[in-house]
Amino acid sequence: MTRLVPLFRCYFPGFAIAAVVALAAQFLADHYGAPSMLMAILIGLALNFLGEDTRTAPGIGLAARHVLRIGVALLGIRISADTLAGLGLAPLSLVALAVPLTIGFGLLLARLLGQPGRFGFLTGGAVAICGASAAMAIGALLPQDDRRERDIAFTVIAVTVMSTLAMILYPVLTARLGLTDASTGLLLGATIHDVAQVVGAGFSVSPETGEISTVFKLFRVMLLAPVVVIAALTLRNGSAAGGRRPPLVPRFVIGFLVLAAANSLGLVPQALRDLLDPLIRASLLMAVGAVGLRTNLPGLMTVGATAALMIVAETVFLLAIVLGPLLIWGL
């Protein structure tokens with residue numbers, strides 16, 4: 001107990017602030033319909049001076065790093081092989097192919113526009129997989145330098161804004177194109193960044209579209225694990241000699257895979273999944289808020305229009321490579 005007291009005093013103030021930011025963001029989401037992830041990072045940015053205070057910085061850092069990894073690992077409990085059954089090989093192949101193509105497009109854009117390759121991987125992965133959650137997972141592997149928090153914060157804000165716009169515009173687009181409910185569900189689930197916006201867009205069309213879009217979105221979330229492993233290997237090989245290398249496979253990715261496998265085998269009861277779902281959201285909200293608290297706002301503004309252009313271009317690219325086959329072959 002004598003050892004726990006100093007740890008509590010060190011970490012609790014900042015940890016509590018991150019928790020309050022998450023609660024405030026969820027309150028705004030529940031009462032005003034605002035995207036909770038976006039609210040969390042904006043509130044964090046407004047209070048970013050607390051991230052530099054020596055009394056609160058350790059706890060905020062704990063939330064930004066370790067609580068994040070717990071939340072990403074717990075995402076595995078949402079994944080089940082049964083949910084993918086009956087979707088068809090061609091649609092699943094299209095979605096699986098769209099992810100690496102979008103990340104590759106992000107890397108190419110980064111090179112063409114003079115941005116670091118890791119920023120292209122971060123934005124491409126966020127657009128291709130699951131928005132803010134993917135940005136946080138990939139960001140957890142980035143080197144701890146003055147760019148890390150700024151790049152993560154910018155990516156979370158940008159993909160959340162683009163995801164919200166997509167939630168509003170994509171159902172209108174699919175109606176104009178005359179797509180079926182099944183094709184609309186595939187398009188929404190394969191192209192909108194965040195899970196909440198996929199659900200909102202899908203069920204605004206029809207219950208069938210909502211269910212199909214959610215399943216395809218969960219398939220994209222499942223692809224987060226191999227993408228993070230590849231990112232870990234890339235950063236590991238790119239580490240300077242003599243420096244500390246990231247682990248070959250991060251432990252939170254192993255946790256993600258173990259929980260996904262257990263859920264697929266029917267070892268996780270529905271009651272436990274229902275119990276853990278709020279914990280997943282709370283963990284990710286706390287982590288996103290903590291990243292905002294640690295981000296220097298003037299530094300964030302230096303990211304520039306080029307970085308914003310990258311995320312817009314990646315979003316349009318993802319839409320094009322999914323919509324094209326739907327219009328040509330009617331998958």
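**A loop residue and its surroundings**

A: Let's start at S206, which sits in the loop between α10 (195-205) and α11; helices here are DSSP runs of H or I with at least four residues, and they are numbered from the N terminus, as are strands, which are E runs of at least two. Before going on, please note that this is a predicted model, in which local features need pLDDT of at least 70 and side-chain atom pairs count only at pLDDT 80 or more, while totals for chains, interfaces and linings use all residues. Residues are numbered from 1 along each chain as its sequence is written, and side-chain values use heavy atoms, with hydrogens and water left out.

S206 has a relative accessibility of 12% and counts as buried (under 20% relative accessible area is buried, over 50% is exposed and in between is partly exposed, with a 1.4 Å probe and protein chains only).

Buried residues of α11 include T209, G210, F216 and F219.

Now for the aromatic rings. The count comes to three aromatic pairs, where rings of Phe, Tyr and Trp (its six-membered ring) pair if their centres lie within 6.5 Å, and planes under 30 degrees apart are stacked, over 60 edge-to-face and the rest tilted. F8 and F12 form a stacked pair, at 4.8 Å centre to centre with 15° between the planes. They are four residues apart in helix α1 (residues 4-32), so about one helical turn separates them. F8 is exposed at 52% relative accessible area, whereas F12 is partly exposed at 43%.

F119 and F154 make a tilted pair, because their ring centres are 6.4 Å apart and their planes are at 40°. F119 belongs to helix α6 (residues 117-128) and F154 to helix α8 (residues 148-177), so the pair ties together parts 35 residues apart in sequence. F119 is buried at 1%, and F154 is buried at 14%.

Finally, look at α6 itself. Its 12 residues should span 16 Å, and its end C-alpha atoms are 16 Å apart, which agrees. Because 11 of those 12 residues are buried, α6 is largely enclosed by the rest of the structure; among the buried ones are R118, F119, F121 and L122.

Methods: The expected span of a helix is 1.5 Å times one less than its number of residues.
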